Amino acid sequence: MNKTRLRRMTMAAVMGAIAFVLIFINFGVPFLSPVAEFDLSALPELIGGFILGPVGAAMIVVVKIGLKLAIQGSESMLTGELQNLILSLAYVLPAVLYYRRHRTKKGAAVGLAIGAVVSVIVAIFTNLYLIFPFYIKLYGMNWDGIVAMFSAVNPWIRDIPTMVVFSVIPFNLISRTITAVLAFVTYKRISVPLKKLIQ
């Protein structure tokens with residue numbers, strides 16, 4: 001293994017550790033969701049992915065989730081971690097793959113937008129077919145109970161379609177947009193010294 005490859009792997013591990021720490025700096029958005037929380041763990045995934053490529057981005061995501069499982073364990077029988085893995089990859093990989101072909105500011109912006117849209121679409125399916133069914137089975141709930149939880153914080157939510165429209169979509173879109181803007185603004189300044197470290 002040459003030094004450059006070792007440095008790239010080390011950087012992926014470090015960025016993954018930073019992403020793990022950022023998981024715990026979070027806050028809820030009660031009017032959009034009574035359960036979901038927003039954090040900035042995707043920021044080092046994006047920046048690291050732009051530098052290291054899609055394989056490096058995937059490594060950062062895996063390190064983040066691996067550290068969480070090793071240190072904190074799972075409170076959802078791995079369902080939450082699986083969703084985190086799927087959504088992180090759905091967000092980061094499209095952005096990184098597009099940027100690799102269009103290495104300009106516009107390319108970065110378009111890539112981030114594509115990643116945000118893809119992850120929102122994937123979030124709809126993971127929530128409807130993974131997360132909510134898990135809680136229904138684990139806690140003996142039903143869909144009416146899930147909808148009632150969301151309706152309590154947002155009266156516009158009356159059924160599953162309105163829950164998707166007024167909770168799942170806006171929450172994920174807002175969180176991804178905030179992260180994308182921060183990545184776009186900070187990437188150039190952060191990437192220059194990081195690239196020097198691995199060259």
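**Entry 1**

I began with Leu 87, which I found in helix H3, residues 79–101, where helices are DSSP runs of H or I with at least four residues, strands are E runs of at least two, and both are numbered from the N terminus. I note here that this is a predicted model, in which local features need pLDDT of at least 70 and side-chain atom pairs count only at pLDDT 80 or more, while totals for chains, interfaces and linings use all residues. Residues are numbered from 1 along each chain as its sequence is written, and side-chain values use heavy atoms, with hydrogens and water left out.

Is Leu 87 buried or exposed? Leu 87 has 8% relative accessibility and so counts as buried, a label for residues under 20% relative accessible area, with exposed set at over 50% and partly exposed in between, using a 1.4 Å probe and protein chains only. Leaving aside neighbours within four places in sequence, I listed Ser 119, Val 122, Ala 123, Thr 126, Asn 172 and Arg 176 as the contacts of Leu 87, contact meaning heavy atoms within 4.5 Å. I also looked up the C-alpha atoms of Leu 87 and Val 120, which are separated by 8.3 Å although the two residues are 33 apart along the chain.

Ser 88 is likewise found in helix H3, and its relative accessible area of 5% makes it buried. Not counting residues up to four places away in sequence, Ser 88 touches Glu 45, Val 61, Lys 64 and Arg 176.

**Entry 2: H4 against H6**

I then turned to H4 and H6, whose axes come within 9 Å and cross at roughly 145°; the axes are lines fitted to C-alpha atoms, for helices over the stretch in contact, and the angles run from 0 to 180 degrees between N-to-C directions. The crossing of H4 with H6 is right-handed, a term used if the near helix is turned clockwise from the far one by less than a right angle, and left-handed if anticlockwise. The residues that make this contact include Leu 112, Val 120 and Phe 132 of H4, and Ile 160, Asn 172 and Arg 176 of H6. By class I recorded 18 nonpolar, 3 polar and 2 charged residues in the contact of H4 with H6, with Ala, Val, Leu, Ile, Met, Phe, Trp, Tyr, Cys and Pro counted as nonpolar, Asp, Glu, Lys and Arg as charged, and the others, Gly among them, as polar.

**Entry 3: H5 and its surroundings**

Helix H5, residues 143–151, packs against helix H6, residues 160–198, at an angle of about 35° with the axes 10 Å apart, and I noted that this crossing is left-handed. In the contact, Trp 143, Ile 146, Val 147 and Phe 150 of H5 meet Ile 160, Met 163 and Ser 167 of H6, which divide into 6 nonpolar, 1 polar and no charged residues.

Which residues of H5 are buried? They are Ile 146, Val 147 and Phe 150, and seen down the axis of H5 they fall within an arc of 95°, so they line one face of the helix; the arc is that of the directions from the helix axis to the C-beta atoms. These buried residues pack against H4 and H6.

**Entry 4: Aromatic pairs**

I counted 10 aromatic pairs in the structure, where rings of Phe, Tyr and Trp (its six-membered ring) pair if their centres lie within 6.5 Å, planes under 30 degrees apart being stacked, over 60 edge-to-face and the rest tilted. One of them joins Phe 132 and Trp 143 edge-to-face, at 5.8 Å centre to centre and 80° between the planes. Phe 132 lies in helix H4, residues 105–139, and Trp 143 in helix H5, so this pair ties together parts that are 11 residues apart in sequence. Phe 132 counts as buried at 5% relative accessibility, whereas Trp 143 counts as partly exposed at 27%.

Phe 132 also pairs edge-to-face with Phe 150, at 5.6 Å centre to centre and 85° between the planes, linking H4 and H5 across 18 residues. Phe 150 is buried, with a relative accessible area of 2%. Elsewhere I noted one aromatic cluster formed by Phe 50, Tyr 99 and Tyr 187.

**Entry 5: Asn 154**

Lastly I looked up Asn 154, which is found in the loop between H5 and H6 and counts as buried at 11% relative accessibility. Leaving aside neighbours within four places in sequence, Asn 154 is in contact with Phe 31 and Phe 166.
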